[in-house]
Amino acid sequence: MNPYQVLGVDQNASEDEIKSAYRKLVKKYHPDRFAHGSREQAAAAEKLKQVNAAYDMVTKVKQGNYNWSGAPQFTAVRAAIQRGAISEAEALLSKMEEHPAEWHYLMGVVLLRRGWYDGAGQHFRRAYQMEPGNKEYENAMRAMTQSAGMYADFGDDNQGVRMNSQMCKICACCACLGCLGSNMFCPWLCCC
């Protein structure tokens with residue numbers, strides 16, 4: 001999905017142009033405009049989901065919190081991740097012969113969703129090393145680095161189990177990585 005095409009705007013469109021296009025599309029496809037339970041209402045609701053996802057993506061790109069390369073294969077992987085189709089995203093990534101920074105970042109996301117933190121951290125670091133100016137990759141790498149020691153402070157100190165606030169870093173990691181969609185990275189309920 002090309003979010004700019006969904007919104008009907010140029011990649012260099014201003015924030016006002018993007019907002020205006022978004023509002024027009026929301027009015028056009030709002031399900032309340034169609035008969036309840038009709039095919040048109042269902043189609044409009046699906047189109048509105050695409051419009052909302054595109055607007056969210058473009059807004060994050062403009063803020064520098066999201067990397068959209070425009071490459072269709074990565075767009076499909078991101079869309080699968082947003083839907084929660086992690087196996088599909090992993091299969092799409094596995095078919096790719098080239099592994100640029102975005103590939104490593106998205107593979108890190110897949111591994112994080114599966115709970116494979118070491119592998120996720122390695123891919124986030126690799127993505128950031130390949131493109132050190134990318135804020136999305138940097139945020140993911142930093143969040144994983146900060147949460148790496150979260151289990152280090154759990155253990156028996158001969159006075160019972162000791163715990164500290166390190167566990168909350170896992171929530172910080174989820175918050176930092178939430179740039180592809182709300183709560184899409186957090187495989188846990190809040191641990192705080």
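Biologist: Which residue does E102 form a salt bridge with?
Modeller: E102 pairs with R78, and the closest N and O atoms are 2.9 Å apart. Keep in mind that this is a predicted model.

Biologist: Where do those two lie?
Modeller: E102 is in helix α6 (residues 101-114) and R78 is in helix α4 (residues 72-83), so the pair ties together parts that are 24 residues apart in sequence.

Biologist: Is E102 buried or exposed? And R78, buried or exposed?
Modeller: E102 counts as buried because its relative accessibility is 5%. R78 is buried too, at 1%.

Biologist: Which residues are linked with R78 in a network of salt bridges?
Modeller: E102 and E136 are linked with R78 in that network.

Biologist: How many salt bridges does the structure hold?
Modeller: Six. One of them joins the side chains of R83 and E88, at 2.7 Å from N to O. R83 is exposed at 53% relative accessibility, while E88 is partly exposed at 39%.

Biologist: OK, over to helix α8. What do the side chains of E138 and R142 meet in?
Modeller: A salt bridge, 2.7 Å from N to O. Both residues lie in helix α8, four residues apart, about one turn of the helix. E138 is buried, with a relative accessible area of 11%, whereas R142 is partly exposed at 45%.

Biologist: New topic: which residues gather in a patch of negative charge on the surface?
Modeller: D10, E15, D16 and E17. D16 sits in helix α2 (residues 15-29).

Biologist: Why does D16 count as exposed?
Modeller: Because its relative accessibility is 60%, and exposed means over 50%.

How values were computed
Residues numbered from 1 in each chain as written. Predicted model: local features only at pLDDT ≥ 70, side-chain atom pairs only at ≥ 80, totals over all residues. Heavy atoms only, no water. Patch = residues over 30% accessible without salt bridge, like charges linked within 9 Å, V, L, I, M, F, W, Y side chains within 5 Å. Areas by Shrake-Rupley, 256 points an atom, 1.4 Å probe, with all protein chains shown as cover. Salt bridge = Lys/Arg side-chain N within 4 Å of Asp/Glu carboxyl O. Lys, Arg positive; Asp, Glu negative; His and termini not counted. Charge placed at Lys NZ, Arg CZ, Asp CG, Glu CD. Buried < 20%, exposed > 50% of the residue type's maximum accessible area, 1.4 Å probe, protein only.
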